[in-house]
Amino acid sequence: MTPTHFAFSTAFILGLAGLAFHRTHLLSALLCLEGIMLSLFLALSLWTLELNTTNFSASPMLLLAFSACEASAGLALLVATARTHGTDQLQNLNLLQC
């Protein structure tokens with residue numbers, strides 16, 4: 001495993017571990033998701049460059065577009081929960097109460 005592959009794998013696993021174990025604020029969960037998407041984007045970009053094919057050249061841009069949509073939806077949810085509940089802590093959010 002090359003050092004670049006190790007770095008992207010480590011970044012992905014750290015983002016996943018942060019998302020799984022450090023769930024106190026919605027903003028920290030969104031930052032972990034963005035770290036995961038960034039590591040996936042860089043790994044997919046390097047993978048298409050290493051293969052030297054044009055078949056997968058649109059894949060990183062498609063992933064980046066989905067990542068931008070995910071970030072905007074996450075920020076909209078963050079603003080909505082901060083306005084209704086007064087905080088972004090995940091322990092105060094309950095899906096059974098409206």
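Reader: What volume does the largest pocket have?

Author: A pocket is an open set of points on a 1 Å grid over the protein atoms alone, where a 1.4 Å probe fits and protein lies on both sides within 12 Å along at least five of seven lines. The volume is the space filled by probe spheres set on the points, which are joined across faces, edges and corners. Here the largest pocket has about 220 Å³. This is a predicted model, in which local features need pLDDT of at least 70 and side-chain atom pairs pLDDT 80 or more, while totals for chains, interfaces and linings use all residues. Residues are numbered from 1 along each chain as its sequence is written, and side-chain values use heavy atoms, without hydrogens and water.

Reader: Which residues line the largest pocket?

Author: Lining residues have an atom within 4 Å of a point. The largest pocket has 13 of them, with L26, G74, L77, T81 and L93 nearest its centre. Helices are DSSP runs of H or I, at least four residues, numbered from the N terminus. Helix α3 gives the largest share of the lining, six residues.

Reader: How do α2 and α3 pack?

Author: Two packed helices are described by the angle between their axes and the distance between the axes. Axes are lines fitted to C-alpha atoms over the stretch in contact, and angles run from 0 to 180 degrees between N-to-C directions. For α2 and α3 the angle is about 175° and the axes are 10 Å apart. The two helices are therefore roughly antiparallel, a term for angles over 145 degrees.

Reader: Which residues does L63 touch?

Author: Contact means heavy atoms within 4.5 Å. L63 is in helix α3. Leaving aside neighbours within four places in sequence, L63 is in contact with M37, L40, F41 and L44. Those four belong to the α2 side of the contact between α2 and α3.

Reader: Where does UniProt place the feature "transmembrane region"?

Author: UniProt annotations may be inferred rather than shown by experiment. The unreviewed entry gives residues 6-22, 29-49 and 61-80. In the model, residues 29-49 are 100% helix, with end C-alpha atoms 30 Å apart.

Note on methods. Angles under 35 degrees count as roughly parallel, over 145 as roughly antiparallel, 65 to 115 as roughly perpendicular and the rest as oblique.
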